[in-house]
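Let's take a walk through this structure together, one piece at a time. Have the sequence and the 3D view at hand as you read.

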Amino acid sequence: MLKRFSKKDFTATNILIIITVLMYIIQINISQGGLFLGLNLYFLVYDFWWQPLSTMFAHGGIAHLGMNMFVLWQFGNLIERFRGAKELVALYFITGIATSLLSFLYIFYLDPQVNLVGASGAICALLGYVAYFDKTQRNGIITWVLLISVVPLIIGLPIAWYAHFIGLAVGFLYGIIRR
């Protein structure tokens with residue numbers, strides 16, 4: 001049975017998830033959508049100025065999208081409940097774009113063949129923000145980011161581990177600034 005939507009279903013977290021899913025649908029339905037919306041050297045070479053933002057909404061597949069949206073749902077709702085929708089949206093976009101720009105420096109100088117896609121950097125920034133404010137979860141969050149960054153590399157999955165670490169640090173720093 002379909003549930004009726006109420007005003008409480010339209011949280012900032014759920015709206016971010018809906019936008020991300022819609023952007024993924026657009027991405028997979030345009031030619032070279034991942035290259036166009038991901039973050040890569042086209043950012044500089046062809047002036048694709050939107051990439052630091054659009055890369056947060058592009059994903060490498062349905063599993064990648066699903067995993068990121070699940071973690072966004074968990075931590076976005078947590079932050080939104082305790083700090084408010086405006087704080088969550090500002091945190092997500094400011095730290096997400098900052099993480100993208102810092103990750104681009106890694107790409108530019110160390111791995112220019114990379115096309116960075118996914119919300120992982122912005123989501124890890126949410127984790128860093130929570131880690132700053134909740135000292136009891138800090139070790140667990142850092143361990144989790146280490147695991148999701150290193151284990152896939154060990155088994156040969158091409159992930160942007162540096163975006164995870166950069167996001168974690170940027171989110172922690174944002175927490176310090178916003179305390």
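Which residues does the UniProt annotation "domain: Peptidase S54 rhomboid" cover? According to that record, an unreviewed entry, the answer is residues 49-177. Keep in mind that what you're looking at is a predicted model. In this model, the span 49-177 is 80% helix and 0% strand, and its end C-alpha atoms lie 27 Å apart.

With that much helix around, let's look at how helices pair up. Two packed helices are described by the angle between their axes and the distance between the axes. Start with α1 (residues 12-28) and α5 (residues 62-83): their axes come within 8 Å and cross at roughly 165°. Angles over 145 degrees count as roughly antiparallel, so that is the label for α1 and α5. As for the handedness, α1 passes α5 in a right-handed crossing. If you'd like to see who meets whom, the α1 side includes Leu16, Ile17, Thr20, Val21 and Tyr24, while the residues on the α5 side include Leu65, Met69, Leu72, Trp73 and Gly76.

Now hop over to α7 (residues 120-133) and α8 (residues 135-154). Here the axes come within 7 Å and cross at roughly 155°, which makes α7 roughly antiparallel to α8. The crossing of α7 past α8 is left-handed. From α7, the residues taking part include Cys124, Leu127, Val130 and Tyr132; among those they meet in α8 are Arg138, Ile141, Trp144 and Ile148.

Finally, let's zoom in on a single residue. Where does Asn40 lie? You'll find Asn40 in the loop between α2 (33-37) and α3 (42-45). Is Asn40 buried or exposed? Its relative accessible area is 4%, and since buried means under 20%, Asn40 counts as buried.

So what does Asn40 touch? Leaving aside residues up to four places away in sequence, Asn40 touches Leu35, Gln51, Phe104, Val114 and Asn115. Two of these names come back when you look at polar atoms. A polar atom of the Asn40 side chain lies 2.9 Å from the backbone oxygen of Leu35, and the side chains of Asn40 and Asn115 make a polar contact at 2.6 Å.

Technical notes:
Residues are numbered from 1 along each chain as its sequence is written. This is a predicted model: local features need pLDDT of at least 70, side-chain atom pairs count only at pLDDT 80 or more; totals for chains, interfaces and linings use all residues. Side-chain values use heavy atoms; hydrogens and water are left out. Helices (H or I, at least four residues) and strands (E, at least two) are DSSP runs, numbered from the N terminus. Buried means under 20% relative accessible area, exposed over 50%, partly exposed in between (1.4 Å probe, protein chains only). Contact means heavy atoms within 4.5 Å. A polar contact is a pair of N or O atoms within 3.5 Å; within protein, one must be able to donate a hydrogen and the other to accept it, and residues adjacent in sequence count only if both atoms are side-chain atoms. UniProt positions are given in the numbering used here, feature names are shortened, and annotations may be inferred rather than shown by experiment. Axes are lines fitted to C-alpha atoms, for helices over the stretch in contact, and angles run from 0 to 180 degrees between N-to-C directions. Angles under 35 degrees count as roughly parallel, over 145 as roughly antiparallel, 65 to 115 as roughly perpendicular and the rest as oblique. A crossing is left-handed if the near helix is turned anticlockwise from the far one by less than a right angle, and right-handed if clockwise.
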